[in-house]
Each structure stands twice: as C-alpha cells, then as structure tokens.
Amino acid sequence: MSATATQTPQPAAPRAKERPATGRIRLSTPMLLLIVAGALIVLSAVRAITGAEDVTSSGQVAGALAGAVPIGLAGLAGLWSERAGVVNIGLEGMMILGTFFGAWAGWQTNPWLAVLAGVLGGALGGLVHAVVTVTFGVDHIIAGVAMNILAAGVTQYLAKRLFNVGDAAQKGGTPKQSPPMDDVKHFTVPGLSHWLHTVETHHWFLVSDLAGIIGGLVTGISALTLLALVLFVATFFVLWRTPFGLRLRSCGENPVAAESLGVNVYTYKYAAVVISGALAGLGGVFLAIGTHFYLEGQTGGRGYIGLAAMIFGNWRPGGLAMGAGLFGYADSLQLRNGGPSVHALLLLIAVLLVAMAVWRFYRGARLAPAVALGFAVLLSLWYTFTDSVPDEVVQGTPYVVTLLVMGLSAQRLRMPKADGLPYRKGQGH
C-alpha cells in the first residue's frame, strides 16, 4: 500500500472569522441604548455650549413629533407600494387629496369623519396610480409626477367651487382655504407632565434634557399621532409576519416567481398601492386637522421627504421612523425659534459628521470620511464666526437636512429587486 493511501487526513487549519459579505452590522439592544445615550449627551452638550435651550425642550420634541407624523405616514405609504414593486412618486399628490377631502368633510361634520374622508381621498389617488401603472404599464415615475400635477390642479379647482361659495364662504372659506374645523382629542399624562416640566426649567445638564424629551412625548399628544404609531407596528407585523405580507413582498422581489407559485400579482400590487394612497391621505388630513383648515400648498413637499425617509430607513418601518423623526426635528427647530436654534444645529450637525467620519474610516472607507470632515469644518467655521443664520437658510433647514442625510448616510441600501420594473400578467407561465 502506498504512503499516500495510508496517510491520515489532517484536519483543515481553522479559518479566520470572516465578516459577512454584505458588510452590514445588526444592532443589538445594548448597542442601540448606547447610541441613544450618546446622542442625548451630544444634544445636552450642544445646548449647554450654545445656550439654545429650545434644542431639547418639551415644546421642541412635541413639535418634532407632530412634524414627523405626516412625513412618516408618507414614507410608510411609499414602503407599502414599493415593497410590492410599484414606485410611488405620487405621494405628494395623494397627500394633497387627503388634505382637501379631509377639510371638506371636517368643517361640515367632525374631525373623525374628516379623517375617513381624507383616507378615502388618498386611496382614490392610489387606485388611479395602480390602474395606470399596474394595468396599463405606464412608467411609474411619469405616472407619479402626473398624479402630483393632477391632484394639485383638481383640488385648486374644487376649492374655488366648494370653499368660496354659500355657507362655506360665510364661515371663512376662500378659493385657497377651507372653513375652520375642529381638532381631534389630545392626551396628556397627568402629574408626570407637570413634574417633568419643572425639572426641565432647571436646565441641569443631561437631566433637564431628558426631562424635556420625555415631557414632549407625554404632553398634548394627538390621537392621530397614536394612530400613526399603531400603523407603524401593524405594518411591520403584516408585511413581515403574515402570509399576506410574504406574498406582497414577493411581488416586489420576483413577481414572475410569485405568479408561478399561484400568487395573483396584480391583486397584491393593487392592494399595496391603494393602501399606500390611504396612508398618504391620512398624512395629508393630519396636516389639515392640525392647522384646522385646508390651505393650498399645505403639504410643502412632505411627500417627497417621506420618500427620502423611506430610503434612509432601507425600506423598513423602524429605519423609516428614525428618518421621519430626524426630518421632523429639523422642521420643528426652524418653525419654533428660527435663526438661533438653527445656528445651534450647525454645531450639532458638525459633531455628528465627525462621528460619522470616524465610523466610516474605521469601516475602511476613505473618501466619504474626508468629505464628512470637510463639511464638519465648514459648519464649525460658520458657527464660530456668526451669531445667527439667514431666514432663507432657516426656512430651508428640513430640505438641507434631507439632502445631507441622503448624501452622507453610512448604511448600505437594498431596495426590492423588482421595484419599478415593468410586469405583465402571464410572464410566469
């Protein structure tokens, strides 16, 4: 017998543990808590250094939550549609329909019927988008842009016909504004809210900031805000924990394979886009009820910001909620205290950019950290040599934050594989 035949096989040398090919890191609960604690310390330090007490006040947090809800609902609407493979650029138009029909019903009846009318108005826009894209195969981007233009034109025409005549005009209606309507119920945790406000007024480092943040979350919370939170949880459960959600997501990943397994792809795409429109309509009627009337141009591009929040969240509800909260915070900051608070935001963004640059450098990137550090230096110099910022910059803060986050976000995005791709019934046979 040869030496080769009698040789005992040697065990393979242990291989070094390799990083997953995707390069993505799953955040554990302790790590998430550490990130939250770090962010709170940074906010507290920025408040103490700049003297901008509104950065962590309960009013700022409550405003951020109110600003985040319509953006989050628009992003949630986009998530439903794109998970089924239909790009929905028409979210802005569906939100406009929600504001108009909600206000039309609200001033005549009650706010909850206004919510129903706004949801139905948005769902109608979603149905039109589904017919055009799913049945007739029109390019999704073109259909979405057309939806935005159509919704703006239709509501302008209807406002002149419905709000500027008869009883509506006598109650304050104009060609660009509806008569006022009632708000939905708001909730405050008794006792806790007052105690937190007392702690906040002492301006203690970290302690008062934490009290202000929690106080903003338990004081004067709209019933629609609570409904939005329920919808986020329900979306995750339905799309990732039910057979219906699995089939719907399969239509956005590989509709041909889904059809070959007996899934009616058209039905699921229609359902997803109509639900998308309803959620966008809810976001629109939230704006109308919050201001007590419909106003032309009321959505202010929040449908597009919602799409940006959805992409920031990697087409997942949790990340989407974080993105909406960030954009809502920037929106509230510029609305509440204008120049001084936005001036403090320059320093906050500079610190966050430095942290992001260090992380990206640790992960092996070189160009992105250099760009982030460059922006951090520019913002630091801007903060150092100025006392405030121009009104034009203040008004554009939410949009600047949107561009900055989307341009420098460190996460690796993974959209549904068949998102926006044409599909015709029968391709699976």
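Leaving aside neighbours within four places in sequence, Asp209 is in contact (heavy atoms within 4.5 Å) with Leu40, Ser44, Arg47, Thr56 and Trp204. The model is a predicted one, in which local features need pLDDT of at least 70 and side-chain atom pairs count only at pLDDT 80 or more, while totals for chains, interfaces and linings use all residues. Residues are numbered from 1 along each chain as its sequence is written, and side-chain values use heavy atoms, with hydrogens and water left out.

Asp209 belongs to helix 9, residues 207-218; helices here are DSSP runs of H or I with at least four residues, numbered from the N terminus. Asp209 counts as buried because its relative accessibility is 1%, the cut-offs being under 20% relative accessible area for buried, over 50% for exposed and partly exposed in between, with a 1.4 Å probe and protein chains only. From helix 9, the side chain of Asp209 reaches back to the backbone nitrogen of Leu206 at 3.1 Å.

Leu206 itself deserves a look. This residue sits in the loop between helix 8 (192-200) and helix 9, and with a relative accessible area of 29% it is partly exposed. Although Leu206 is not a glycine, its phi is positive, about 70°. Most residues other than glycine have a negative phi. Asn314, also not a glycine, has a positive phi of about 60°. Asn314 is placed in the loop between helix 14 (302-312) and helix 15 (317-336), and its 8% relative accessibility makes it buried.

A positive phi, near 75°, is also found at His292, which follows helix 13. Helix 13 runs over residues 265-291, and its 27 residues reach 40 Å from first C-alpha to last, close to the 39 Å expected at 1.5 Å a residue; the expected span is 1.5 Å times one less than the number of residues. Helix 13 is mostly covered, with 20 of its 27 residues buried.

Turning to helix packing, helix 3 (residues 58-83) meets helix 14 at an angle of about 65°, their axes lying 7 Å apart. Axes are lines fitted to C-alpha atoms, for helices over the stretch in contact, and angles run from 0 to 180 degrees between N-to-C directions. Residues making this contact include Pro70, Ile71, Ala74 and Gly75 of helix 3 and Ile305, Gly306, Leu307 and Ala309 of helix 14. By class, the contact residues are eight nonpolar, four polar and two charged, where Ala, Val, Leu, Ile, Met, Phe, Trp, Tyr, Cys and Pro count as nonpolar, Asp, Glu, Lys and Arg as charged, and the others, Gly among them, as polar.

Terms used
Helix = DSSP H or I, 4+ residues; strand = E, 2+ residues; numbered from the N terminus. Polar contact = N/O pair within 3.5 Å; in protein donor to acceptor, adjacent residues only side chain to side chain.
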